[in-house]
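Keep the 3D view open as you read.

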Amino acid sequence: MGFYPGLEIKSTRDPIGFVYGEHTFGPKAEVRRLADIRNSLEDRGCEGPEELYAIVMDVGETEDRSHMEKRNLLFGAVTYSAGVMGREPVRSQGHIHSVSLSCGWSTPEVYEIWEGRGIIYMQQSGEDDPGLCYAVHAKEGDVVIVPPGWVHATINGDVGRNMTFGAWCVRDYGFEYEQVRRHNGIAYFPRAEGNNISWHPNPSYHGGRFVEKEARTYEDFGLKPGVPIYTQFKEDKDLFLFVSRPGDYPELWRGYRP
């Protein structure tokens with residue numbers, strides 16, 4: 001991988017997944033296939049890679065496991081295949097985080113791109129009017145935070161190569177798909193035109209305002225630009241409590257913009 005994530009984990013291609021270093025724990029990868037997300041695509045009958053991405057939830061260095069569990073934090077990683085699904089780049093179908101019993105909130109997520117280019121798409125609502133809609137372009141080492149309650153999907157921003165990212169989330173995570181599926185997908189469909197991505201409104205929604213931008217830095221969250229988010233956790237075990245206890249940090253979410 002082009003960016004060292006702060007722990008011994010590497011993505012693999014054949015089979016798609018991950019391998020861990022001696023001091024890193026993690027599960028066997030779960031693979032998501034084209035058939036799993038067809039109903040959220042612009043062209044449901046499209047062709048594309050059979051294996052879209054592999055995901056591992058709850059990874060880390062052995063010495064950090066108890067600290068993560070104590071703070072109800074979970075670190076995960078996902079690697080995406082290159083290629084397209086019809087006209088769309090390889091992506092996830094989109095979801096909202098379920099309300100976590102541990103904190104009573106739909107929790108945020110902190111993404112960090114490790115390999116390739118990613119686009120974190122997010123929309124304010126899963127209702128007919130999606131509200132603010134962002135497509136945030138992120139390169140290796142960039143961080144993107146999705147706030148509580150927003151629909152979001154992750155997109156491979158360079159169809160010619162694989163993309164890998166890591167993320168902090170809450171341990172008792174869950175996904176809500178009903179609103180996205182009721183609207184036949186996210187509010188704006190990405191289309192790959194060579195290595196360029198264009199965006200096309202989903203007619204199942206009405207209203208909304210679309211903004212395309214580059215990733216920013218998050219000093220307002222106490223994060224250090226260019227330092228792996230796993231390393232930052234090792235340096236300050238409480239830094240990411242805004243993920244597992246978002247209700248304790250209302251000032252971060254008031255008027256939030258990615």
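Start with the largest pocket, which has a volume of about 330 Å³. What counts as a pocket here? On a 1 Å grid over the protein atoms alone, a cavity is a set of points where a 1.4 Å probe fits but cannot get out, while a pocket is an open set with protein on both sides within 12 Å along at least five of seven lines; a lining residue has an atom within 4 Å of a point. Grid points are joined across faces, edges and corners, and the volume is the space filled by probe spheres set on those points.

Before going further, a word on the ground rules: this is a predicted model, in which local features need pLDDT of at least 70 and side-chain atom pairs count only at pLDDT 80 or more, while totals for chains, interfaces and linings use all residues. Residues are numbered from 1 along each chain as its sequence is written, and side-chain values use heavy atoms, with hydrogens and water left out.

Back to the largest pocket. Its lining holds 26 residues, and Tyr 53, Ile 55, Ser 92, His 95 and Phe 175 lie nearest the centre. The largest share, four residues, is supplied by β7. By type, the lining splits into 15 nonpolar, eight polar and three charged residues.

Six strands form an open sheet in the order β4-β5-β7-β16-β11-β14, with antiparallel pairing; two strands pair if DSSP finds at least two bridges between them. β4 (30–33) and β14 (143–146) are the edge strands, each with a single partner, so one side of each has no neighbour in the sheet. From one strand to the next, the twist averages 25°, with axes being lines fitted to C-alpha atoms (for helices, over the stretch in contact) and angles running from 0 to 180 degrees between N-to-C directions. Val 110 stands opposite Ile 145 in β14.

The aromatic rings come next. The whole structure contains 23 aromatic pairs, where rings of Phe, Tyr and Trp (its six-membered ring) pair if their centres lie within 6.5 Å, with planes under 30 degrees apart called stacked, over 60 edge-to-face and the rest tilted. Phe 75 and Trp 168 have ring centres 4.7 Å apart and planes at 50°, so this pair is tilted. It ties together distant parts of the chain, with Phe 75 in β7 and Trp 168 in β16, 93 residues apart. Both Phe 75 and Trp 168 are buried, on a scale where buried means under 20% relative accessible area, exposed over 50% and partly exposed in between (1.4 Å probe, protein chains only). By contrast, Phe 221 and Tyr 256 have centres 6.1 Å apart and planes at 90°, so that pair is edge-to-face. Phe 221 is buried at 5% relative accessibility, and Tyr 256 is buried with a relative accessible area of 5%.

Finally, a few spots in the loops. The peptide bond from Asp 14 to Pro 15 is cis, with omega near 5°, and Pro 15 sits in the loop between β1 (9–13) and β2 (16–20). Asp 58 is not a glycine, yet has a positive phi of about 80°; Asp 58 is buried, at 17% relative accessible area. Asn 184 also has a positive phi, about 60°, but is partly exposed at 31% relative accessibility.

Methods
Helix = DSSP H or I, 4+ residues; strand = E, 2+ residues; numbered from the N terminus. Nonpolar A, V, L, I, M, F, W, Y, C, P; charged D, E, K, R; others polar.
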